[in-house]
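Open the model in your viewer and keep the sequence panel beside it. The tour below goes stop by stop, with something to select at each one.

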There are 2 protein chains.
Amino acid sequence: MATEAAGLAEALRLQADMVRRLKQEQAGTEEVAEQVAKLLELKGRLGVDDGRPRFLLKTPKGTRDYGPKQMAIRERVFSTIISCFKRHGAEVIDTPVFELKETLTGKYGEDSKLIYDLKDQGGELLSLRYDLTVPFARYLAMNKITNIKRYHIAKVYRRDNPAMTRGRYREFYQCDFDIAGQFDPMIPDAECLKIVYEILSALQLGDFLIKVNDRRILDGMFAVCGVPDSKFRTICSSVDKLDKVMWEDVRSEIVGEKELSTEAADCIGEYVRLHGGLDLVEQLLQDPELSQNKLAREGLGDMKLLFEYLMLFGIADKISFDLSLARGLDYYTGVIYEAVLLQQQNDREEEPATVGSVAGGGRYDGLVGMFDPKGKKVPCVGVSIGIERIFSILEQKMEASKEKIRTTDTQVLVASAQKKLLEERLKLISELWDSGIKAEVLYKKNPKLLNQLQYCEDTGIPLVAIIGEQELKDGVVKLRDVATREEVDIRRENLVEEIKKRTCQP
Amino acid sequence: MATEAAGLAEALRLQADMVRRLKQEQAGTEEVAEQVAKLLELKGRLGVDDGRPRFLLKTPKGTRDYGPKQMAIRERVFSTIISCFKRHGAEVIDTPVFELKETLTGKYGEDSKLIYDLKDQGGELLSLRYDLTVPFARYLAMNKITNIKRYHIAKVYRRDNPAMTRGRYREFYQCDFDIAGQFDPMIPDAECLKIVYEILSALQLGDFLIKVNDRRILDGMFAVCGVPDSKFRTICSSVDKLDKVMWEDVRSEIVGEKELSTEAADCIGEYVRLHGGLDLVEQLLQDPELSQNKLAREGLGDMKLLFEYLMLFGIADKISFDLSLARGLDYYTGVIYEAVLLQQQNDREEEPATVGSVAGGGRYDGLVGMFDPKGKKVPCVGVSIGIERIFSILEQKMEASKEKIRTTDTQVLVASAQKKLLEERLKLISELWDSGIKAEVLYKKNPKLLNQLQYCEDTGIPLVAIIGEQELKDGVVKLRDVATREEVDIRRENLVEEIKKRTCQP
């Protein structure tokens, strides 16, 4: 019996181990189970209505649909941005919406937790792209491209807390322009700033300011303030919050959470108050501590060069060298910048308040090397236009102005005044389509003329081509101007020409 | 001791139960574990090279990057398609790339297994869109839109077995045009076919054929062949394979796997051989069995009407009423169609072989109602252009023809013949950009003139604006035509005008 008991005890111990192991392995799936439970509960709550299951009629959190009106605005903005990119000689590329998970791993620092992963359904582990920069670097390394100037306009995904009224979404467009290649210092960097300037001016969003800084100046500043090297990136992330919170909050984060000395924090505090132009660059080049730091000196030297080029481009007055600008992402190595819209200046306030960032970017000379098997570097600098915020401003403007936006390009509606002319309408519209005229017809056998005219009023169609028994007999079409209500008979063979002439579309 | 042993035995039994339960619960996660193991193994195999972890430098399975050359082709195709959609008066919308998982559930029949799910990271359960049709229906129901003609061009996702050389991907573009609303029969349906015809003609892909059928005719056919109602959809899925496999294979699937009687299968076999035009419609309207079936009669009546409209549109000769056309998706309710490219006809073969489907669509009158809380229906008909296959054909054509495709629009390169003129080049290019000229400059302090000219040759830039000490003194710019090598001095204030004139861009 003793042997039996010992055997059982041993078996029990082995099983206990197995239970422990299984429970451990299962811990990760408990969260899933919790979510499933939540969903089931939700489904139960929604219930079933007369046999038809109810759907949650919504788009996922942080996303939105774009209806025809929004698309009309969006396409105008895109067209402005694309023509600027093309004016600067950019090519265009596209990459998949998801990447191998490991392609994105280790590129975004503290923001990595916001990456959307796909479910493992067998095969590769995938994640939705978080920006267009890392996929671009992967593309360059994979295709061994060392020299390209390209733009890429596409959606990116961040599991952030959306603030949709201010244009912050979980799915949003980025419009990126980047210059990759080994070039003389600051020439491509200056062009990126010129592009931001051109786009923000063309979009007529009101006054703006482009803040610039350099990661090397930041790192030099951290060094002279006594921040240990290992804390550079995390302190940088804290400083990055200065556009949203006060210095006092950032200070308590870096002293408390990040355990920096109060002296180091106050030293940083002195620097990040500074902003100006070329004069500030010169001043810091004379700064007894900063000028002794190699990184800072390099950064300041390039900053000086940058301002020279910006003056040649005639845009230096919109640029502010700002030591509080840090940018959150890990991969920047040199100049960084961010454009902010300025609110209408209030007489009482001394400085204009900022509405928020609408463009940003910088130099990332190490990112491509992270993908290259031999670590071969391709220096890159780029800019990303924050289209959603711009779009939400323009959308509000449009709504306020009550400007009527056409959502189609239709030049003419093919109509009839009498019944039983559907076949004739279809024959005519087919002729027009075949001649490149943008034309519509109501999908009714016998529509009333009034309804057809109303449709033109509603949708902004400028012309109506009306046929009736008499017109068919005479070989003419009655062409009506919707705005003036004037009607003239046009010979059928001249109709296309006349419509083109009247709608000014060749 | 006996008690002890009994106690241990009881404990052992309880634990064994727990192990069994945990193992059951874990069964679902074993697949995950397997994948993780595979990945770890793979990582191990890749190893670490001089301290730098190696990346798998690839895009996910079934996806691809589009480089500048591919994008140039793609944008041409898109522009052709969009101008056709606009010619027919379409508005444009956009929806998020993912939907709530339950939005997609139960819409795709047997294809549902191909849907990509996102990982549950807390919050809603999401899936990548499988097509643009279901999101469109969700959009209509959610916004209570009962009447719209819209297009939508966007990427969709299917965990299919990719055949990328033939243009079949896991991430691919769809170009959808749909007409929603209660209209008189077959007018919008005919316009969809007209659109397919116009697009395939404009893209010059060679000869094509548009097959049409009607779900009601299929269902009527199944009914008269003795297929039980409950098997209509699954038999339909089998018949859908007829474009890829022989009837014999389909027959053995529906008799074997799907347990249909051989009589029923052979009856279906007789019908699906049939294809023709209006004559076949008339013939089937006389068919003693089919004409007795209400659904089939309705479908055939509408098919007759459709052909009348197609004749008015002048495209009936490219349309084939084909009883073997089934279309895989569950949601179709009426007319369905699919366009195929025909291979160059071989003299020996009687019938031209098909290259595969490049467009497809149909009527889905029930889908919007599935989303509406009250089940309110919005009849819809639409077409989807299979851009990837078209694109891969054009890409091959381009490569074969060795036609040089420009990937930028740059009109002029700003160059200098001497050293130390970077500042002057930047000043001049800034003037040109500000006047809307598409211009580039080499990002070098002192580039050689030969290198600057070579850059123009390589990238197809037609003009070079050259400045040197003398030109600056004289207030002129030397404008060089890259092709002819002719150079003329242009007064600086006339340069913009001259470039515009020479490059024919207003």
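## Stop 1

Bear in mind that the model is predicted. Arg485(A) sits in the loop between β17 (476-481) and β18 (487-491) of chain A. Check the backbone there. The phi angle of Arg485(A) is near 65 degrees, which is a positive value in a residue other than glycine.

Now go to chain B and select Gln204(B). Its loop runs between α5 (187-202) and β8 (208-214) of chain B. Is Gln204(B) buried or exposed? Gln204(B) counts as exposed, at 61% relative accessibility. Look at its backbone too: phi of Gln204(B) is near 50 degrees, a positive value in a residue that is not glycine.

## Stop 2: chain A as a whole

Zoom out and show chain A as a cartoon. Chain A holds 17 helices and 18 strands. Colour by accessibility next. Of its 506 residues, 54% count as buried. Then consider how the contacts in chain A span the sequence. Take those between residues at least 6 apart in sequence: 67% of them join residues at least 24 apart.

## Stop 3: a buried glutamate facing both chains

Select Glu171(A). It belongs to strand β7 (residues 171-180) of chain A. Its relative accessible area is 7%, and the cut-off for buried is under 20%, so Glu171(A) is buried.

Show side chains around it. Which side chain makes a polar contact with the side chain of Glu171(A)? That partner is Tyr157(A), at 2.9 Å. Then turn to chain B. The backbone nitrogen of Val97(B) is 2.7 Å from a polar atom of the Glu171(A) side chain.

From chain A, Glu171(A) touches Gly62(A), Thr63(A), Lys155(A), Val156(A) and Tyr157(A). From chain B, Glu171(A) touches Pro96(B) and Val97(B).

## Stop 4: helices α8 and α9 of chain A

Select residues 247-257 and 262-272 of chain A. These are helices α8 and α9, which pack at an angle of about 150 degrees with their axes 10 Å apart. Angles over 145 degrees count as roughly antiparallel, so α8(A) is roughly antiparallel to α9(A). The crossing of α8(A) past α9(A) is right-handed.

- From α8(A): Trp247(A), Arg251(A), Ile254(A) and Val255(A).
- From α9(A): Thr262(A), Ala265(A), Asp266(A), Ile268(A), Gly269(A) and Val272(A).

Colour them by class. The contact of α8(A) with α9(A) has six nonpolar, two polar and two charged residues.

## Stop 5: helices α7 and α8 of chain B

Select residues 232-239 and 247-257 of chain B, which are helices α7 and α8. Their axes come within 9 Å and cross at roughly 155 degrees. That angle makes α7(B) roughly antiparallel to α8(B). The two helices, α7(B) and α8(B), cross in a right-handed way.

Which residues make the contact? On α7(B) they are Ile235(B), Ser238(B) and Val239(B). On α8(B) they are Val250(B), Glu253(B) and Ile254(B). The contact of α7(B) with α8(B) divides into four nonpolar residues, one polar and one charged.

## Stop 6: a helix arginine in chain A

Return to chain A and select Arg297(A). It is part of helix α11 (residues 294-312). Arg297(A) is partly exposed, with a relative accessible area of 40%. Apart from its neighbours within four places in sequence, Arg297(A) is in contact with Leu285(A), Leu290(A), Ser291(A) and Gln292(A).

## Stop 7

Select Gln411(B), in the loop between α13 (387-401) and β14 (412-416) of chain B. Gln411(B) counts as buried, at 3% relative accessibility. Its side chain reaches the backbone nitrogen of Lys438(B) at 2.7 Å.

Finish at Gly122(B), in the loop between α3 (101-104) and β5 (126-128) of chain B. Gly122(B) counts as partly exposed, at 32% relative accessibility. Draw a distance to Ser357(B), which is 235 residues apart from Gly122(B) along the chain. The C-alpha atoms of Gly122(B) and Ser357(B) are separated by 40 Å.

Definitions and conventions. Residues numbered from 1 in each chain as written. Chains lettered and ligands numbered in written order. Predicted model: local features only at pLDDT ≥ 70, side-chain atom pairs only at ≥ 80, totals over all residues. Heavy atoms only, no water. Axes fitted to C-alpha atoms, helices over the stretch in contact; angles between N-to-C directions. Helix = DSSP H or I, 4+ residues; strand = E, 2+ residues; numbered from the N terminus. Parallel < 35°, antiparallel > 145°, perpendicular 65-115°, else oblique. Left-handed = near helix turned anticlockwise from the far one by under 90°. Contact = heavy atoms within 4.5 Å. Nonpolar A, V, L, I, M, F, W, Y, C, P; charged D, E, K, R; others polar. Buried < 20%, exposed > 50% of the residue type's maximum accessible area, 1.4 Å probe, protein only. Polar contact = N/O pair within 3.5 Å; in protein donor to acceptor, adjacent residues only side chain to side chain.
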